[in-house]
Amino acid sequence: MTSALQPEPLWSPSPDRIAAARVTAFQAWAAEHHGAPAEGGYPALHRWSVDELDVFWQALAAWFDVRFTTPYESVLADRAMPGARWFTGATLNYAEHALRAGENGARADEPALLHVDETHEPTPVTWAELRRQVGSLAAELRALGVRPGDRVSGYLPNIPQAVVAFLATAAVGGVWTSCAPDFGARSVLDRFQQVEPVVLFTIDGYRYGGKEHDRRETVAELRAELPSLKAVVHIPLLGTPAPEGTRPWSELTAHDTEPVFEPVPFDHPLWILYSSGTTGVPKAIVQSQGGILLEHLKQLGLHCDLGPEDRFFWYTSTGWMMWNFLVSGLLTGTTVVLYDGSPGYPDTGAQWRIAERTGATLYGTSAAYVMACKKAEVHPARDFDLSAVKCVATTGSPLPPDGFRWLHDEVAEDLWIASVSGGTDVCSCFAGGVPTLPVHIGELQAPSLATDLQAWDPSGKPLIGEVGELVVAAPLPSMPIHFWNDPDGSRYRESYFEMFPGVWRHGDWITITDHGSVVIHGRSDSTLNRQGVRMGSADIYEAVERLPEIKESLVIGLEEANGGYWMPLFVHLAPGATLDDALRKKINTTIREQLSPRHVPDEIIEIPAVPHTLTGKRIEVPVKRLLQGTPVAKAVNPGSVDRPELLAFYEELARTRG
């Protein structure tokens, strides 16, 4: 249970910072024009945004001057989940809003994008140049016969050409979908074959970790296996000529053409994202132009407090929803920083050097990277000028308490730390940063605006101060409009609405504290449940990975046929460490004292590395299935795993235990 005494925050915003925050200005304006509470700060605004859902979204659209080509008839015609209908009758275009800061010559010579590779030298793309390239490419896509609803795909790293290709696709009403070039051909085809793209943007290779990686053979395989393609566009990152039958990028973006934006219905598809695909073919998640536009204006403009004077950097690849979220920084007129390369090249502190050289004001990374910097004894503030950084945001997994303390001590004492949590499924955050609230160690500041976030027990009763299922009890505009090739909606309903009909169940364990913050405990389908005590795997990792001998770990809880429960802890050791009796005792003592005696593992087993999805998440559920005796082919899609050769170990372990 949470203590009745509110804990001391690690950081609190100054009165000046609160007064200058965009969410403060929005609240005052919404109070005057839409009946929002003028007093009570963020908690009162959040309550109103949930209670008056349609009024909030109407106010948000007006505040950000969303351009409806055709006006809407009603804000929320149907609140049902799934199937909520938003801004019925309206037409608009996402790309028009993303390029708005540069129209009519405004900010023509200011950078819209800053591209950084492993040399760490930023290269700007101005608003004028971005608009010109998008205009030229959009006209060429139309000439190729791309029509609204057609899918356009990218096998691309995080480079300006990927942003141009996406915005040109959105401008013509096409549907964008992308994979990072470290995905192998099978993984890409598992995704793209489902959606049948008509155009494929490709590179000849990419640079990562100081090496060149040739992808021409993979691209040839993609071309051969995607019969729906009308055109393939070649981007010569490694300098090779365009293969026969492809179009060179330079040819399609050479014209001085003002972009033309196709007005599409509010719920017209914008892009297709994919689930991790660890247990089968990835789900193809479709989100709408209007839903993403409004949700990202809310998140980036209010929660991230971004505007024209900001520079927005988040380490991501084009295969992760955070790339889509990053590009949406353009909606707020922010300069977006694109980094293409290894997060730790040439040294662990590389991302801090990029923040310094780009003048990043919001610096986003993973919790894993923060903890790696702590272990490697990186000193960001000592070694880099980070005076521009106002906020460090983290996602991908819960940021452990030690991570909060390290950022506070090693980056800046007056640092807003925004640990955020959401999902590819909504391409947004359920809970995370609020610039006007204090930060408590190990906690996400608050649920996001208009997000009716609750923790429920198995019977659907809301909990405060106790662990429960993360549910969202009211619709969000960025919830999927559907899954691709799911005509009756059954896969969509099974994914989120089976446990609590009509309520979104996300599959995470959370605690909502008595002071309104949120603690994420990890995935509920891999939760450890011993003698009735539930604990998220993230809590185990946070304790164990503090030990200098442990590089990474994986914990699995296995219900056995005889009613028993086997809980092994797999450890990837740091260089020079040995898993001897002394280290085993140290690990067990750490868990016993910091968490609970019930969560001391039954066995500690050394492994060469922890398997992850291609977006960096530990694959707990597939490993659990392997340990239950499920064959690899049924337990996990090997193409979705960063190192599939690691899976055989768990299959063999299941056999020897069997």
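A disulfide is taken here as a pair of cysteine sulfur atoms within 2.5 Å. Under that rule, the structure, which is a predicted model, contains 0 disulfides.

Strand pairing was examined around strand β27, which spans residues 504–512. Of its 9 residues, 8 are buried, so the strand is largely enclosed by the rest of the structure. Strand β27 pairs with strand β25 (residues 467–472) through 5 bridges, and these two strands run antiparallel. Within this pairing, G468 has I510 of β27 as its bridge partner. Strand β27 is also joined to strand β28 (residues 518–523), again by 5 bridges and in antiparallel orientation. Here the bridge partner of D508 is R523, in β28. The hairpin formed by β27 and β28 has 5 residues between the strands, and in this hairpin G516 adopts a positive phi near 90 degrees.

E469 forms a salt bridge with R505, with the closest N and O atoms 3.1 Å apart. This pair links distant parts of the chain, as E469 belongs to strand β25 and R505 to strand β27, 36 residues apart. E469 is buried, its relative accessible area being 5%.

In total, the structure holds 28 salt bridges. Two further examples lie within helices. In helix α6 (residues 127–143), E129 and R132 are 3 residues apart and are therefore separated by about one helical turn. Their salt bridge has its closest N and O atoms 2.9 Å apart. E129 counts as partly exposed because its relative accessibility is 28%, a value that falls between the limits of under 20% for buried and over 50% for exposed.

The second example is found in helix α8 (residues 185–195), where D190 and R186 are 4 residues apart, about one turn of the helix. The closest N and O atoms of this salt bridge are 3.3 Å apart. The accessibilities of its two members fall into separate classes: D190 counts as buried at 13% relative accessibility, whereas R186 is partly exposed, with a relative accessible area of 44%. Salt bridges also link residues into a network, the members of which are D402, R405, E542 and R546.

T218 lies in helix α9 (residues 216–225) and counts as buried at 13% relative accessibility. With residues up to four places away in sequence left aside, T218 touches Y155, G184 and A185. G145, by contrast, is situated in the loop between α6 and β6 (151–155). G145 is buried, with a relative accessible area of 17%. Under the same exclusion of residues up to four places away in sequence, G145 touches D150 and K230. Between G145 and C373, the C-alpha to C-alpha distance is 49 Å, and the two residues are 228 residues apart in sequence.

Methods
Residues numbered from 1 in each chain as written. Predicted model: local features only at pLDDT ≥ 70, side-chain atom pairs only at ≥ 80, totals over all residues. Heavy atoms only, no water. Buried < 20%, exposed > 50% of the residue type's maximum accessible area, 1.4 Å probe, protein only. Pairing = 2+ DSSP bridges. Salt bridge = Lys/Arg side-chain N within 4 Å of Asp/Glu carboxyl O. Contact = heavy atoms within 4.5 Å.
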